[in-house]
Amino acid sequence: MAELSSSDGFETLAIHAGQDPDQMTGAVVPAIYQVSTYKQDGVGGVRGGQHAGVTSGPGRWVEGYEYSRTANPTRGALEECLAALEGGVRALAFASGMAAEDCLIRTVCRPGDHVLIPHDAYGGTYRLFDKVFAAWGLAYHPVPVSDPDAVRVAAEQYGATLMWVETPTNPLLSIADISVLAQIAHSAGATLAVDNTFASPYLQQPLSLGADVVVHSTTKYIGGHSDVVGGAIVVPDADLAARLAFMQNATGSAGGPFDAWLTLRGVKTLSVRMDRHCENAMAVAAMLSGHPKVAEVYYPGLAEHPGHEVAAKQMRGFGGMVSFRHAGGEAAAIEMCGRTRLFTLGESLGGVESLIEYPASMTHASVAGSPLAVPPDLVRLSVGIENRDDLIEDLRAALG
Ligand SMILES: Cc1ncc(COP(=O)(O)O)c(C=O)c1O
């Protein structure tokens, strides 16, 4: 097995980190350890450290395997890979993105604390703060994360413990300046968590910009094939990693081995998929910008997007998500979502196939009537990696 070097690039790490060939068989793909428990060599004599050819690396903190809620070799391989891709010391893989978010919030916050959240964010994240953690005694305050001055004022006013950021945001594709927000968070004594789901670690690495935690719905670009639900947390700090691992084990939110294996299979091609997602999305955004039935396009790759310069500074590409407002209003937006041939009407994003959805009653139904409510004429596209001309033709036909 070739030793990984600290200068190895993203594409190399995606294929090799945590994925050494099996020492016994030479299998080049990590095995699916579909197992709940492990034989011990005498009480406390757990086996591991080196398992199935996967050597102990910086992301692999297992002394030995005793029970798969605590650690599993296939999940460990995914965790080691994700830690390498985000530049963290350790990653933890979860059963869903929401499970990862829940674990993080319970680990770093206490009842009575204050959290800043984006005023444009995934509906499920808002629901977690509004319907679950509010009852736990955690106060949340929506702020425009693209406006550092507003974030600074709110962080000081509320003495925030946690600053939660999405960039680009879901669904309005706002851009937050991660390094500026890291300074604001740290001078206010807050932990900066960045949900990096929309960008993926290929396009943006928040830890290198000063964030304390990265969260993912690996269901999306990291998995990339709409065939698995999962989540992850990556951190640059060993103590926080240990506290998160304690919470994950104590509350039992880890993902299963087959899901970890599918996610690892997806992550190998993340770089090539993201390049194509970015190219296709840029072409779609450009077409929509000039279309008479489109009132406004939200895509950070467009020069007129208010976050374009910050996105160009901190991202390798602008991503595969595009949102737009239908000039015909709510009814026209809803009707269009049912009229595409290649864009499948459905929730989620980040898979190879293009998806279209109506956020107000689908992914963001839970923010209706809140400060995070989305425009009623908004359509969100997850631009896939099909032929670009076919995708553009499909949207043109559906717009009519
Ligand atoms: C930005 C973002 N974060 C988190 C999540 C939650 O992830 P999951 O659906 O894997 O629980 C989603 C889901 O759509 C999302 O879009």
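This report covers a helix, a sheet and some ring contacts in a predicted model.

## Helix α6

Helix α6 spans residues 178-187, and its buried residues are I178, L181, A182, I184 and A185. These residues lie on the same side of α6, because they cover an arc of only 165 degrees around the axis. Q183 and S187 are on the other side of α6 and are exposed.

The buried residues of α6 pack against two helices and two strands: α5 (148-158), α11 (308-314), β4 (162-166) and β5 (191-195). Just after α6 comes G189, which takes a positive phi of about 75 degrees.

## The five-stranded sheet

An open sheet is formed by 5 strands, with mixed pairing and the order β8-β9-β12-β11-β10. Its edge strands, β8 (294-298) and β10 (344-345), each pair on one side only. Strands of a sheet pair through backbone hydrogen bonds, in either a parallel or an antiparallel sense.

For β9 (residues 321-326) and β12 (residues 378-382), the pairing is antiparallel and extends over 5 bridges. Within this pairing, M321 has S382 of β12 as its bridge partner.

## Aromatic pairs

The structure holds 6 aromatic pairs. One of them joins Y126 and Y140, whose ring centres are 5.7 Å apart, with 85 degrees between the planes; the pair is edge-to-face. Y126 belongs to helix α4 (residues 123-133) and Y140 to strand β3 (residues 139-143), so the pair links parts of the chain that are 14 residues apart. Y126 has a relative accessible area of 6%, and is therefore buried, the cut-off being under 20%.

F133 and W136 also form an edge-to-face pair, because their planes stand at 80 degrees, with the ring centres 5.0 Å apart. The two residues can be set side by side by accessibility. F133 counts as buried at 2% relative accessibility, whereas W136, at 31%, counts as partly exposed.

## A charge over a ring

A further ring contact involves an arginine. R316 lies over the face of F10, at 5.9 Å from the ring centre.

Key
Residues are numbered from 1 along each chain as its sequence is written. This is a predicted model: local features need pLDDT of at least 70, side-chain atom pairs count only at pLDDT 80 or more; totals for chains, interfaces and linings use all residues. Side-chain values use heavy atoms; hydrogens and water are left out. Buried means under 20% relative accessible area, exposed over 50%, partly exposed in between (1.4 Å probe, protein chains only). Helices (H or I, at least four residues) and strands (E, at least two) are DSSP runs, numbered from the N terminus. The arc is that of the directions from the helix axis to the C-beta atoms. Contact means heavy atoms within 4.5 Å. Two strands pair if DSSP finds at least two bridges between them. Rings of Phe, Tyr and Trp (its six-membered ring) pair if their centres lie within 6.5 Å; planes under 30 degrees apart count as stacked, over 60 as edge-to-face and the rest as tilted. A charge sits over a ring if NZ of Lys or CZ of Arg is within 6 Å of the ring centre and within 35 degrees of the ring normal.
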